[in-house]
Amino acid sequence: MCLSYCWGTRPFLMTTRRNIRAHKNGISTSKLPLTFQHAVEIARHLRIRYLWIDSLCIIQKDSDDWERESGRMADIYRNSYITIAATSSSGPHEGFLSVNERTTFQTVNFQMIHHFNNSAAYQNSLHGRSIAPLITRAWAYQERMPAPRVLHFALNEVVYDCFQEKRCECNGTYRGVIDMVEKREVYDTLISPVKTEYPDTAMMWRKIVIEYSRRKLTFSSDKLPALAGLADQMRQTTHQKYLAGLWEHSLIFDLLWYRANDWEKFESDPNPSSDPSDPTWRAPSWSWVSINRPVDYDQKLFLDYNADYQPKERCTFVEAETTSGSHTATGQVVAGFIKLRCSVVHAVYHKNGSIKQGKKLLNFNDDGRGTEPGDGIHLLLLAEGEKYSREEEIILVVKEVDTNPK
């Protein structure tokens, strides 16, 4: 059994190099934070002998052990019998079995059950307080998606979620959770030994990116490691090269991410760094990982009902590579490049997400990198398609950094 929970801000018992020998001999239950104690109680009730908790099973403050084990986390959750999710708790000291201070008793004719919404994590609030803090966390997203069974201890009820269905206590069928990517889709596409016919892994991955980019991290440097397990599962299924959140086989369309405008309060980088020596740098600027904001793709690039829409590539992929900064191929990177051969048109950045190309003023999705009016811009023709019986060009806008490339 695995435990998925929020770490919170208060210190709690962890395994370190100093206490690992003592922990191997035994850990008193009384020393565990309340959420861990409740997980032990459930494991004993279900007669499950082994319980995996990351802060106890991974040596903390040990970079080698963390890098090695963080890349295996998706496998750990995928191979668990069940994952217990402390969904309504914001930290390990709160627990999830006891009646908490937010519960009030009064005479009512009926009472609404406040279901949490997996897709719009930032809207999960009741009277200004989050009803599902765990759903907002990036690490927990990777823990939940590959796990065969997840038992959510939510604010008002217990919710069971597996690869086949969701069930809740209030009406037998849980209708409140809206997932852009369902657990069953992840299973059918990436995990099941019998794959569905021609699964579109690229479209599913872009949906994962949209969902994942809306989750929060305590350390922004974890943005690639916290997705490494799912990425590694994708890599094993497709046998394709992973490029800091993108994939070589679908690179042309994977590049077409843009900064979302639906969450202005998200903690963002004011000016994402393009220098790998800068501690805020996470990935090359062509990767969505490089900005600490939610990202989107055009719906036709990730929703199945646009299956008839098949734009043609007008750009030739030449070469791409990333340099790993960890023990895994899907973890942190320290450098990366892409080489494309395509038609290029020069333009000039105007202001507020607009560019001038000749006498034309064109709008585009600015990623907020502090581009100044007059800066050189290149328009790269990546693909062409047909939309509403009209031809459209799909353009990637890149900032000019070298006016004399070799």
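This is a predicted model: local features need pLDDT of at least 70, side-chain atom pairs count only at pLDDT 80 or more; totals for chains, interfaces and linings use all residues.
Colleague: How are helices α7 and α9 oriented to each other?

Modeller: The axes of α7 (residues 183–191) and α9 (residues 228–238) come within 9 Å and cross at roughly 45°. Angles under 35 degrees would count as roughly parallel, and 65 to 115 as roughly perpendicular. The two helices, α7 and α9, are therefore oblique.

Colleague: By class, which residues make up the contact of α7 with α9?

Modeller: From α7, V186, T189, L190 and I191 take part, meeting L230, Q233, M234 and T237 of α9. By class, this contact has 5 nonpolar, 3 polar and no charged residues.

Colleague: Is D62, which meets R17 in a salt bridge, buried or exposed?

Modeller: The N to O distance between the side chains of D62 and R17 is 2.7 Å. R17 has 54% relative accessibility and counts as exposed. The relative accessible area of D62 is 14%, under the 20% limit, so D62 is buried.

Colleague: Which residues does the network of salt bridges that includes E248 join?

Modeller: E248 forms a salt bridge with K241, with the closest N and O atoms 3.7 Å apart. E248 is partly exposed at 25% relative accessible area, and K241 is partly exposed at 30%. Salt bridges with shared partners join into one network K241, E248 and E321.

Colleague: Which residues is F317 in contact with, leaving aside its neighbours within four places in sequence?

Modeller: F317 is placed in strand β13 and is partly exposed, with a relative accessible area of 29%. Its contacts, with those neighbours left aside, are E248, L251, K339 and L340.

Notes. Residues are numbered from 1 along each chain as its sequence is written. Side-chain values use heavy atoms; hydrogens and water are left out. Helices (H or I, at least four residues) and strands (E, at least two) are DSSP runs, numbered from the N terminus. Buried means under 20% relative accessible area, exposed over 50%, partly exposed in between (1.4 Å probe, protein chains only). Contact means heavy atoms within 4.5 Å. Axes are lines fitted to C-alpha atoms, for helices over the stretch in contact, and angles run from 0 to 180 degrees between N-to-C directions. Angles under 35 degrees count as roughly parallel, over 145 as roughly antiparallel, 65 to 115 as roughly perpendicular and the rest as oblique. Ala, Val, Leu, Ile, Met, Phe, Trp, Tyr, Cys and Pro count as nonpolar, Asp, Glu, Lys and Arg as charged, and the others, Gly among them, as polar. A salt bridge is a side-chain nitrogen of Lys or Arg within 4 Å of a carboxyl oxygen of Asp or Glu.
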